[in-house]
Amino acid sequence: MSYFRATDPFPLEAPDFTKLSEFYVRLAQGRLSTTQCTGCGQSAWPPRGFCPECTGDAMTWIDLPAEGTVHAFTVQDTGLPAGFTGPRVFAIVKVGGHRVFTILLDADPARVTIGQRVRLTPLAVDPDPRGNPRWLPAFTPSA
Ligand SMILES: [Zn+2]
(Lines give C-alpha, C1' and ligand atoms only; values in the text may rest on other atoms or scores of the structure.)
Protein backbone atom coordinates (compact mmCIF):
# COMPACT_ATOMS: atom_id res chain seq x y z
CA MET A 1 0.00 0.00 0.00
CA SER A 2 1.30 3.47 -0.77
CA TYR A 3 0.39 6.73 0.92
CA PHE A 4 0.44 10.34 0.00
CA ARG A 5 3.13 11.83 2.22
CA ALA A 6 0.51 13.92 4.04
CA THR A 7 -1.21 10.78 5.30
CA ASP A 8 1.87 8.68 5.99
CA PRO A 9 1.47 7.64 9.64
CA PHE A 10 5.04 6.43 10.20
CA PRO A 11 8.22 8.33 11.10
CA LEU A 12 10.93 8.93 8.53
CA GLU A 13 13.79 6.77 9.74
CA ALA A 14 16.60 7.47 7.27
CA PRO A 15 19.67 9.43 8.45
CA ASP A 16 18.61 12.31 6.16
CA PHE A 17 15.59 12.85 8.39
CA THR A 18 16.58 11.91 11.93
CA LYS A 19 19.82 11.86 13.92
CA LEU A 20 18.32 8.89 15.78
CA SER A 21 18.27 6.65 12.68
CA GLU A 22 20.59 4.20 14.46
CA PHE A 23 17.55 3.21 16.55
CA TYR A 24 15.82 1.88 13.43
CA VAL A 25 18.95 0.17 12.09
CA ARG A 26 19.19 -1.76 15.34
CA LEU A 27 15.45 -2.42 15.42
CA ALA A 28 15.68 -4.00 11.95
CA GLN A 29 18.28 -6.35 13.50
CA GLY A 30 15.81 -7.36 16.22
CA ARG A 31 17.36 -5.11 18.88
CA LEU A 32 15.45 -2.58 20.98
CA SER A 33 17.87 0.15 21.92
CA THR A 34 17.99 3.59 23.38
CA THR A 35 20.49 6.32 24.15
CA GLN A 36 22.68 6.59 27.24
CA CYS A 37 24.46 9.80 28.22
CA THR A 38 28.23 9.38 28.28
CA GLY A 39 28.46 12.31 30.69
CA CYS A 40 26.18 11.23 33.55
CA GLY A 41 25.25 7.67 32.55
CA GLN A 42 21.48 8.23 32.43
CA SER A 43 19.52 6.31 29.81
CA ALA A 44 16.20 7.61 28.58
CA TRP A 45 13.24 6.40 26.60
CA PRO A 46 12.58 7.29 23.86
CA PRO A 47 16.12 7.76 22.47
CA ARG A 48 17.26 11.37 22.65
CA GLY A 49 19.71 13.70 21.01
CA PHE A 50 20.56 15.34 24.34
CA CYS A 51 20.42 14.32 27.98
CA PRO A 52 17.37 15.47 29.99
CA GLU A 53 19.42 15.14 33.21
CA CYS A 54 22.62 17.05 32.45
CA THR A 55 21.84 18.57 28.98
CA GLY A 56 24.94 16.88 27.52
CA ASP A 57 24.72 15.76 23.91
CA ALA A 58 27.33 12.97 23.88
CA MET A 59 25.24 9.82 23.73
CA THR A 60 25.95 6.15 23.16
CA TRP A 61 23.54 3.41 22.10
CA ILE A 62 22.62 0.61 24.49
CA ASP A 63 20.45 -2.46 23.89
CA LEU A 64 17.43 -3.04 26.09
CA PRO A 65 16.25 -6.57 26.98
CA ALA A 66 14.24 -8.34 24.29
CA GLU A 67 11.59 -9.26 26.83
CA GLY A 68 9.40 -7.09 29.06
CA THR A 69 6.10 -7.10 30.91
CA VAL A 70 2.74 -5.45 30.18
CA HIS A 71 2.31 -2.42 32.43
CA ALA A 72 -0.98 -1.23 30.90
CA PHE A 73 -2.96 -1.85 27.74
CA THR A 74 -6.05 -0.88 25.80
CA VAL A 75 -7.90 -2.37 22.84
CA GLN A 76 -9.00 -0.44 19.75
CA ASP A 77 -11.89 -2.07 17.88
CA THR A 78 -13.11 0.75 15.66
CA GLY A 79 -11.77 3.86 13.95
CA LEU A 80 -8.61 2.15 12.76
CA PRO A 81 -6.54 3.98 10.13
CA ALA A 82 -6.74 2.73 6.54
CA GLY A 83 -4.66 -0.41 6.09
CA PHE A 84 -4.94 -1.55 9.71
CA THR A 85 -7.00 -4.52 10.83
CA GLY A 86 -8.56 -4.76 14.25
CA PRO A 87 -8.78 -5.25 17.06
CA ARG A 88 -5.43 -3.63 17.90
CA VAL A 89 -3.91 -4.02 21.34
CA PHE A 90 -1.87 -1.01 22.42
CA ALA A 91 0.28 -1.42 25.50
CA ILE A 92 2.83 0.21 27.73
CA VAL A 93 5.55 -2.41 28.20
CA LYS A 94 8.12 -2.20 30.99
CA VAL A 95 11.49 -3.13 29.54
CA GLY A 96 14.93 -2.46 30.99
CA GLY A 97 13.61 0.12 33.45
CA HIS A 98 11.75 2.06 30.76
CA ARG A 99 8.10 2.14 29.75
CA VAL A 100 7.63 1.73 26.02
CA PHE A 101 4.36 2.57 24.26
CA THR A 102 3.87 -0.12 21.65
CA ILE A 103 1.43 -2.51 20.04
CA LEU A 104 0.98 -6.18 20.86
CA LEU A 105 0.88 -8.49 17.85
CA ASP A 106 -0.82 -11.89 17.79
CA ALA A 107 -2.46 -11.14 21.14
CA ASP A 108 -6.03 -12.16 21.95
CA PRO A 109 -7.41 -8.99 23.58
CA ALA A 110 -9.46 -11.10 26.02
CA ARG A 111 -6.33 -12.86 27.29
CA VAL A 112 -3.92 -9.94 27.73
CA THR A 113 -3.09 -9.32 31.40
CA ILE A 114 -1.09 -6.81 33.41
CA GLY A 115 2.32 -8.30 34.15
CA GLN A 116 2.19 -10.65 31.16
CA ARG A 117 5.59 -11.35 29.65
CA VAL A 118 6.05 -10.13 26.07
CA ARG A 119 8.90 -10.37 23.58
CA LEU A 120 10.18 -7.79 21.10
CA THR A 121 8.95 -8.49 17.57
CA PRO A 122 9.91 -5.61 15.27
CA LEU A 123 7.13 -4.81 12.81
CA ALA A 124 7.98 -3.96 9.20
CA VAL A 125 5.73 -1.14 7.98
CA ASP A 126 5.48 0.62 4.63
CA PRO A 127 8.79 1.80 3.19
CA ASP A 128 9.44 5.52 3.16
CA PRO A 129 8.78 7.55 -0.03
CA ARG A 130 12.31 6.69 -1.24
CA GLY A 131 11.76 2.96 -0.73
CA ASN A 132 13.84 2.60 2.43
CA PRO A 133 12.48 -0.06 4.82
CA ARG A 134 10.86 1.11 8.03
CA TRP A 135 10.31 -0.63 11.35
CA LEU A 136 8.26 -0.01 14.47
CA PRO A 137 8.79 -1.57 17.89
CA ALA A 138 6.13 -4.20 18.62
CA PHE A 139 5.80 -7.08 21.03
CA THR A 140 4.13 -10.48 21.07
CA PRO A 141 3.12 -12.55 24.10
CA SER A 142 6.00 -14.79 25.26
CA ALA A 143 5.44 -18.51 24.96
ZN1 LIG B 1 23.60 13.24 31.16
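Here is a short walk through the structure, one selection at a time.

**Before you click.** The model is predicted, so local features need pLDDT of at least 70 and side-chain atom pairs count only at pLDDT 80 or more, while totals for chains, interfaces and linings use all residues. Residues are numbered from 1 along each chain as its sequence is written, and side-chain values use heavy atoms, with hydrogens and water left out.

**Stop 1: the zinc ion.** You'll find the SG atoms of Cys-37, Cys-40, Cys-51 and Cys-54, 2.3 to 2.4 Å from the ion. Along the sequence their spacing reads C-x2-C-x10-C-x2-C. The 4 donor atoms subtend angles of 101 to 120°, so the arrangement is tetrahedral (for four donors, all angles between 85 and 135 degrees).

Cys-40 sits in the loop between strand 1 (33-37) and strand 2 (43-44), and Cys-54 in the loop between strand 2 and strand 3 (59-63), so the pair ties together parts that are 14 residues apart in sequence. Strands here are DSSP runs of E, at least two residues, and helices are H or I runs of at least four, numbered from the N terminus. Cys-40 is partly exposed at 38% relative accessible area, and Cys-54 is partly exposed at 36%. Buried means under 20%, exposed over 50%, and partly exposed in between (1.4 Å probe, protein chains only).

**Stop 2: the barrel.** Switch to cartoon and follow the closed barrel of 5 strands, 4-5-6-10-7, with mixed pairing; two strands pair if DSSP finds at least two bridges between them. Zoom in on strand 6 (98-104) and strand 10 (138-141), which pair in the parallel sense over 2 bridges. Leu-104 stands opposite Phe-139 there.

**Stop 3: the core.** Which residues have the most contacts inside the largest nonpolar core? Select Leu-32, Val-93, Leu-104 and Phe-139; the core has 18 residues. Such a core is a set of buried Ala, Val, Leu, Ile, Met, Phe, Trp, Tyr and Cys residues joined through side-chain atoms within 4.5 Å. Strand 5 gives the most, with 4 residues.

**Stop 4: Leu-120.** Finish in strand 7 (117-120), where Leu-120 lies. Leu-120 is buried, at 9% relative accessible area. Beyond its neighbours within four places in sequence, its contacts (heavy atoms within 4.5 Å) include Leu-27, Ala-66 and Phe-139. Leu-32 is 88 residues away in sequence from Leu-120, yet 7.4 Å away in space, C-alpha to C-alpha.

Note on methods:
Donors = N, O, S within 2.8 Å, 3.2 Å for Na, K, Ca; no water. Tetrahedral: all angles 85-135°; square planar, octahedral: opposite > 155°, others 65-115°.
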